[in-house]
Amino acid sequence: MNSAVVAETFSNDKKSEYIRFAEKLGADVCFTSDKWICDTLRRSPAEKTGIYTLYFGRIPALHKDTVKYFAIISLVQNKSIATVKTYIGDLIRFFDFWTGYKEDNALCTCNEFAAADFYQHLESRELAEATNIGIWSSMSTFFKTMNGWDNKHFKNPFSISPYCRQRKYYEKYIPEDVVNQLDHIFKKDEIDLYLRCVYWILRLIPSRISEVVGMPIECLKRFDGKYVLFIPTWKQNGGWRRPITRSIHLEEKGIAAYLIRLIKEQQEAARQLQEYMPDNKQGALFTYRQRNLFRREKPYYTRLCFVATRDTVRTRFQVICTRYGVRDQNGNPYKVTTHQFRHNGITDRLAAGFTAAQIADMTGYHGDAMIYNAYAHLDLKPETIIEKQKFVSGKPGSHDERYILFGGRILNMNEQLEKRLLKNLRAHRVRGGICSDITGCKSDMWNCLECKFFVPDAEQRDYYIEQIALWKAKQEKFREFPLIRENAERNVKLFECVLKKIDKDVIP
């Protein structure tokens, strides 16, 4: 059966509705203006005016209204203001090409041949591949959305992309030797407090820089003897003002204790500066006083106060890399970007044994597609790949064969991994041991015995002996009923395997 596609008619009533929506985006937004300051979409004091302002001045007059309606529709569809700004920037590139391509500039005349020529145009500009992928995606979205504009319907010429969308860029992963240099540098007291605090949050908790600089002063709370750090995220809720808040549990030990101390110091510093901040800049954790630094004089702080933005942090991080001579393994200068820390955080946690579900909780993702497709650079960690291959193939030394719970300890597991497992919210005690990851389990309790996440408890040895005897009795009792007998035989073998495993690893 053919499915009907209902296209937007763009009637006058519908256009009026869109215009009314646009005018609610900001106090001074007017549809006919080339500059819309959408201050109602401002998410945090860390965002400068340019971040939530849309500019249409460079769009040709013939297509300007079309692009404006496209921007409004995108916002109505819960696209973020940043995404819409990207759409407009990419459309400017297209219309620069399209205006000189044909005398008849109607969008409905843009076909697959024109798209092929635009591809050649992009290739001739020698832009980064990621940039070209984004431009092509923006064009596809634009033509799909505006199909039916002025009652003219056309095939989307950008529906098939000539670019590979699943390619991962390994330069986004910070090499280990560079990370070691940065860790040492960002523990120096001479680095501004707010920059040290931002660095260690990015380093320890995979986050976007917009999320970190958007954190409020009251972001750290005491709970049940530990601390909970609240980090806002806008990416997963369509980019609107009200964020989803991630809660990260921190124990006041080791490097986490250092991070907690930095956050507390930054909270106090930010509170002291609030009286100097305008109303629309108040409440931000990363409020700081400008510091001037001269080579032959001691640094001093001016009376100017600011809220750190993503641009501020990116620029300061790169200045610090230059000042302290950060270099890669080949001796070349290395300038880190803030988003690289997200790639490192996710990859390192996958290598350490965290599940995709755990990382999704930590990062705010709603699934594991982005985690594996864009952020998992395990190819750069061959030792991890080898270990996982052993685990899957069941070779000697795999986790499933050697881990036994005995006396509250998991034998043959390093102490750090054991503590993380036993305190993990996804771990769950089951009859006869513990499940190291109960997430998504759809088995009954008997299937735990053959699950790779099951860690048997040696102190439950008598229970396993009892179960073997019981199932052998059932095996005999129901010998005339094949299905029940076969199930009993299966359970006997499972319990016997666990018992052999316990006796082998625990009893000398």
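**The sheet and its core**

Reply: In this predicted model, strand S3 and strand S4 (residues 226–233) run antiparallel and are joined by four bridges. Within this pairing, Leu-220 stands opposite Leu-229 in S4. The sheet is open and consists of three strands in the order S3-S4-S5, with antiparallel pairing. Strand S3 (220–223) and strand S5 (244–250) are the edge strands; each has a single partner strand, so one side of each is left without a neighbour in the sheet. On average, neighbouring strands of this sheet are turned by 30 degrees against each other, direction ignored. As background, the strands of a sheet pair through backbone hydrogen bonds, which may be parallel or antiparallel in arrangement.

A helix accompanies the sheet. Helix H9 (residues 254–273) lies across S3, S4 and S5, and its direction makes an angle of about 125 degrees with S3.

The next topic is the core. Which residues touch the most other members of the largest nonpolar core? In this core of 51 residues, they are Leu-182, Phe-186, Ile-201, Met-215, Leu-229, Phe-286 and Phe-317. The elements giving two or more residues to the core are H6, helix H7 (193–204), helix H8 (209–213), S4, S5, H9, strand S7 (300–307) and helix H10 (310–323). Helix H7 supplies the largest share, nine residues. As a general point, nonpolar side chains tend to be buried together in soluble globular proteins.

When its neighbours within four places in sequence are left aside, Met-215 is in contact with Ile-201, Leu-229, Phe-230, Ile-231, Pro-232, Gly-283, Ala-284, Leu-285 and Phe-286. Apart from this core lies another, of 46 residues, including Trp-36, Tyr-52, Phe-56 and Ile-133.

A second pair is formed by Phe-317 and Phe-341, whose ring centres are 6.3 Å apart and whose planes stand at 80 degrees, so the pair is edge-to-face. This pair also links distant parts of the chain, since Phe-317 is in helix H10 and Phe-341 is in helix H11 (residues 340–351), 24 residues apart. Are these two residues buried or exposed? A residue counts as buried under 20% relative accessible area. Phe-317 has a relative accessibility of 1% and therefore counts as buried. Phe-341, at 3%, therefore counts as buried too.

Beyond its neighbours within four places in sequence, Ile-185 is in contact with Ile-191, Ile-320, Tyr-324 and Val-326. Ile-185 and Arg-196 are eleven residues apart in sequence, and their C-alpha atoms are 9.1 Å apart in space.

For comparison, one may turn to another part of the chain. Helix H5 (residues 129–145) has 17 residues, which should span 24 Å at 1.5 Å a residue; its end C-alpha atoms are 24 Å apart, which agrees. Among the buried residues of H5 are Ile-133, Trp-136, Phe-142 and Phe-143. Ile-133 is also one of the members of the core of 46 residues. The buried residues of H5 are covered by elements that include helix H2 (61–76), helix H3 (81–99) and helix H4 (112–124). Trp-136, Phe-142 and Phe-143 also belong to a cluster linked by ring pairs, whose members include Phe-70, Tyr-87, Phe-94, Phe-118 and Phe-158.

Key
Residues numbered from 1 in each chain as written. Predicted model: local features only at pLDDT ≥ 70, side-chain atom pairs only at ≥ 80, totals over all residues. Heavy atoms only, no water. Contact = heavy atoms within 4.5 Å. Pairing = 2+ DSSP bridges. Axes fitted to C-alpha atoms, helices over the stretch in contact; angles between N-to-C directions. Expected span 1.5 Å × (residues − 1). Buried < 20%, exposed > 50% of the residue type's maximum accessible area, 1.4 Å probe, protein only. Core = buried A, V, L, I, M, F, W, Y, C linked by side-chain atoms within 4.5 Å. Phe/Tyr/Trp six-rings, centres within 6.5 Å; stacked < 30°, edge-to-face > 60°.
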